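Me: I'd like to learn how to read a structure like this one, feature by feature. Can you take me through it?

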Amino acid sequence: MGSEEVKLLSFFASPFGKRVEWALKLKGVEYEYIEQDIFNKTSLLLQLNPVHKKVPVLVHAHKPIAESFVIVEYVDETWKQYPLLPRDPYQRALARFWANFAEQKLLDAAWIGMYSSGDEQQNAVKVAREAIEKIEEEIKGKKYFGGENIGYLDIALGWISYWLPIWEEVGSIQIIDPLKFPAITAWITNFLSHPVIKDNLPPRDKMLVYFHSRRTALSSTFQG
Ligand SMILES: N[C@@H](CCC(=O)N[C@@H](CS)C(=O)NCC(=O)O)C(=O)O
């Protein structure tokens, strides 16, 4: 079994790292978790992810793989139990499309909303709400994006359920109004109630302290 070992380098507050953990847990794959300090990178991380120098990195049978979407797809192709991507090629394409859409249009805007202020913050919140509006249409009438079970897109968007409310609190902003976005609000409840998800979330109080410190650091950097 030694050569088939699975290791995950991640950071407790990383929404990207959690995607990989959720995928491995849903599939029941055993792995060794190696916490990383992203502000003081280890030679191990630099050696395993020399291109981006970021977490998460999955190491399977001594082979490193970086970038959370790439890793989740690798996990799905390697361990066949509990399939994450839909079987149908068109549905697979749609899942990837929405995962990328949320990454490009919502994640960046929500992050900027968390640490900025004034016009910059207002613009970011507007962009984020426009993106949520589109995602709301996608989840209407479904328990999960994956249907009856958590799938690839649920994992890709999972940060919306837990990180986004924390970022809203830290930035004193509102992106998801439950009255305007009832379907995504219901999905958040479903997603967070799933045993694999609810047992694999970082402590909220620790997250709040961490993201408050990021807001302080980033807002002073960007004010020049
Ligand atoms: N696109 C990457 C993003 C990974 C990422 O940004 N990781 C952060 C932690 S949340 C990191 O390692 N940051 C260190 C740095 O930017 O130098 C993914 O999906 O895996």
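Me: Let's start with Ala61: is it buried or exposed?

Reply: Buried means under 20% relative accessible area, exposed over 50%, and partly exposed in between, using a 1.4 Å probe and protein chains only. Ala61 has a relative accessible area of 18%, so it counts as buried. Keep in mind that this is a predicted model, where local features need pLDDT of at least 70, side-chain atom pairs count only at pLDDT 80 or more, and totals for chains, interfaces and linings use all residues. Residues are numbered from 1 along each chain as its sequence is written, and side-chain values use heavy atoms, leaving out hydrogens and water.

Me: And what about His62, buried or exposed?

Reply: His62 is exposed, because its relative accessible area is 62%. Strands (E, at least two residues) and helices (H or I, at least four) are DSSP runs, numbered from the N terminus.

Me: What should I look for in the backbone there?

Reply: Most residues other than glycine have a negative phi, and most peptide bonds are trans. Ala61 isn't a glycine, yet has a positive phi of about 50 degrees. His62, not a glycine either, has a positive phi of about 70 degrees.

Me: Which peptide bond is cis?

Reply: The one from Val55 to Pro56, with omega near 5 degrees.

Me: How do I read a pocket?

Reply: Rolling a probe the size of a water molecule over the atoms shows where empty space is left. On a 1 Å grid over the protein atoms alone, a pocket is an open set of points where a 1.4 Å probe fits, with protein on both sides within 12 Å along at least five of seven lines; lining residues have an atom within 4 Å of a point. Points are joined across faces, edges and corners, and a volume is the space filled by probe spheres set on them. Here the largest pocket has a volume of about 780 Å³. It is lined by 29 residues, and the closest to its centre are Ser14, Pro15, Phe16, Lys54 and Val55.

Me: Where does the largest pocket lie?

Reply: Domain 1 (2-78) and domain 2 (89-222) both give residues to its lining, so the pocket lies between them. Those domain bounds come from an automatic or database domain assignment. Helix H4 (89-115) is among the helices that supply at least two lining residues, and H4 gives the largest share, six.

Me: What about the second largest pocket?

Reply: That one has a volume of about 310 Å³. Of its 18 lining residues, Leu84, Pro86, Phe145, Gly146 and Gly151 are closest to the centre. The largest share, four residues, again comes from H4.

Me: Which residues touch the most others in the largest nonpolar core?

Reply: A nonpolar core is a set of buried Ala, Val, Leu, Ile, Met, Phe, Trp, Tyr and Cys residues joined through side-chain atoms within 4.5 Å. The largest has 77 residues, and Ile160, Trp187 and Phe211 touch the most other members. H4 gives the most to this core, with eleven residues.

Me: What does Ile160 touch?

Reply: Contact means heavy atoms within 4.5 Å. Not counting residues up to four places away in sequence, Ile160 touches Leu106, Ile132, Pro165, Ile176, Trp187 and Ile188.
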